[in-house]
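Work through the exercises below with the sequence and the model side by side. Try each task before reading its solution.

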Amino acid sequence: MGPLVPDIISNEFNFIIAIIVGMGFGFALEQAGFGSTRKLVGLFYGYDFTVLKVFFTAGVTAMVGITALNHLELLDVDIIFINPTFLWAAIIGGVIMGGGFIIGGFCPGTSVVAAASGKIDGWAFVFGAGLGIFAFVEGYPLIKDLMVAENLGDLLVFEMMGISREAFALIMVFVATGAFIGVTIIENKVNNRATRWLKSDITKYSIGIGIAVVIVLTTMITPTRAELMNQRIDEKLASGECHPQLMEEDKLAYELMHQYYQFNVIDVRSAEEYKKFHIPTAINIPLEELHKAENISLIVQNIKTNVFYGASFEQAQRACLVSKYHGKADNYALNSTADEFNSNFFMLSDVQPDNKLDNETYIFRKEAAQKLKEIGEAVANLNKPVIKKAKRVQGGCS
Amino acid sequence: MKEAPKKYMNPYLAGFFLGFVLLTTIYVTGRGLGASGAIKSFVVQTVETVAPQHAATTDYYITQKQNNPDGPLKSWLVFEVIGVIIGAFLSAVVSNRVTVKIEKGPGVKNGVRIAAAIFGGALFGFGSQLARGCTSGAALSGMAVMSFGGIITMMAIFGMAYAMAWFFRKLWINKVN
């Protein structure tokens with residue numbers, strides 16, 4: 001489903017969305033007090049930790065939300081923008097920004113907020129940021145090498161740590177909670193206030209933290225829709241109650257020769273295997289991707305009969321069950337594997353081997369191979385499967 | 001005559017609201033929030049207007065033009081920052097916080113504060129381009145999507161600011177009230 005741009009919301013309308021979310025962003029920052037430079041730098045002198053509280057709460061909220069949406073398969077985390085990691089640029093850039101923060105008292109976003117609420121120092125910071133960016137742009141040829149050094153790609157922190165997305169989210173909830181308690185104590189010490197834990201506050205915040213923990217734990221415990229589907233299919237396979245309809249290879253060849261347009265032949269092997277050989281007219285959807293929404297729309301339709309085949313009969317059978325699970329009744333699993341089909345039709349020797357096949361079958365298969373090749377070539381051009389590959393979203397600040 | 005400014009929102013509530021905005025942004029558009037990129041768009045536009053000759057012959061501007069054929073200002077972040085200005089202004093209005101003033105540490109001269117803001121801004125602007133994002137685009141949005149680079153940048157920003165805090169204390173806490 002998500003992200004909604006560009007399939008559901010157009011790229012043009014996305015600019016309107018930008019204004020709307022920008023308003024929310026600006027409103028939240030101003031309400032938090034980020035338009036005030038003294039409130040911002042309070043973090044570094046211990047008298048006001050608002051920045052840390054707001055920043056951490058926001059980050060963890062979004063993190064938990066993304067984890068939940070991903071689990072519900074409402075958001076495809078494989079295509080959202082992940083800030084790429086160029087290690088040296090990330091560290092050195094961050095260090096320079098840190099210096100800018102303590103000297104200038106803002107970051108770019110907060111300086112815009114300050115400027116919008118009338119702070120002259122906010123305007124000065126925005127102007128300065130413009131100068132700094134100008135210097136960067138003009139000096140780019142000198143910095144270029146540093147910019148692209150140590151490219152680690154779209155590296156995710158939990159992959160780096162070797163844990164799951166959910167586990168990392170859970171850890172961050174607890175880290176944030178600990179940090180909130182810690183900074184509250186420091187803040188009160190610096191301001192010479194006694195730290196008092198009001199019962200009502202504890203209840204209030206515990207509920208908030210509890211909700212986050214419950215959401216993350218739920219995503220850890222409950223299966224995703226794909227897992228649930230596979231589980232059901234496994235159960236059916238194990239109990240043996242469900243056998244897909246089978247199609248013999250000669251029958252398929254015959255049908256394709258005479259009415260290929262009535263059949264939706266689906267190769268569920270990997271793209272590489274498909275490229276090496278596939279039955280003419282077949283489209284390729286790897287088994288692991290079959291349950292995805294964009295593929296389901298290709299197999300659940302009322303016009304054609306599905307015929308699945310794979311590297312093994314089990315693959316074809318499973319694909320049939322996936323299709324059935326999603327509501328398509330008319331499915332067949334090919335009784336032979338892709339390789340068998342290849343050798344039985346397309347790799348026949350020129351002379352009839354003595355005892356392997358009867359003469360009739362041999363002649364039929366020879367003919368079929370020829371005819372299927374022709375049909376395959378003819379339809380390949382007008383009937384290319386629509387390759388719908390979601391591209392990763394471009395984002396970031398640069 | 002003028003009402004006193006209202007209190008700031010509870011930081012956790014504001015943070016939750018901010019996180020919700022960020023989550024919505026990622027769900028709808030597939031990308032996070034940002035700020036410095038919009039300032040860059042203005043810089044590029046300014047150079048293209050003031051010195052078209054220079055922009056036409058320098059690689060960086062040529063690449064920018066290729067990536068943004070409709071002009072640098074027609075970019076997502078520019079629209080988003082227009083929204084930020086509107087949203088921040090509205091928020092300041094409803095909370096009686098719109099005042100034209102220079103905010104600074106106690107005993108700091110206006111000239112010093114403005115010079116420091118410009119210099120700090122320049123450092124931040126430069127660094128944000130190097131790290132491919134600022135506190136919003138790299139640190140906050142990067143943390144939300146669990147990007148390793150974003151989290152590294154976040155730690156570098158705050159780590160450096162803490163390390164330098166003592167040296168610049170006169171800008172902020174020189175005379176304790």
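**Exercise 1: a sheet**

In chain A, strand β4 (residues 263–267) and β5 run parallel and are joined by 2 bridges. Helices (H or I, at least four residues) and strands (E, at least two) are DSSP runs, numbered from the N terminus. The model is predicted: local features need pLDDT of at least 70, side-chain atom pairs count only at pLDDT 80 or more, and totals for chains, interfaces and linings use all residues. Residues are numbered from 1 along each chain as its sequence is written, while chains are lettered from A and ligands numbered from 1 in the order in which they are written.

Task: Which residue is the bridge partner of A:I266 in β5(A)?

Solution. Step one: go to β5(A); the partner there is A:I283. Two strands pair if DSSP finds at least two bridges between them.

**Exercise 2: a positive phi**

Task: Is A:T281 buried, partly exposed or exposed?

Solution. Step one: locate A:T281 in the loop between α13 (271–276) and β5 (283–284) of chain A. Step two: read its phi, near 80°, a positive value in a residue other than glycine. Most residues other than glycine have a negative phi. Step three: count. A:T281 has 19 C-beta neighbours inside 10 Å, so A:T281 is partly exposed. The cut-offs: 20 or more other C-beta atoms within 10 Å is buried, 12 or fewer is exposed, in between is partly exposed; C-beta atoms are placed from the backbone.
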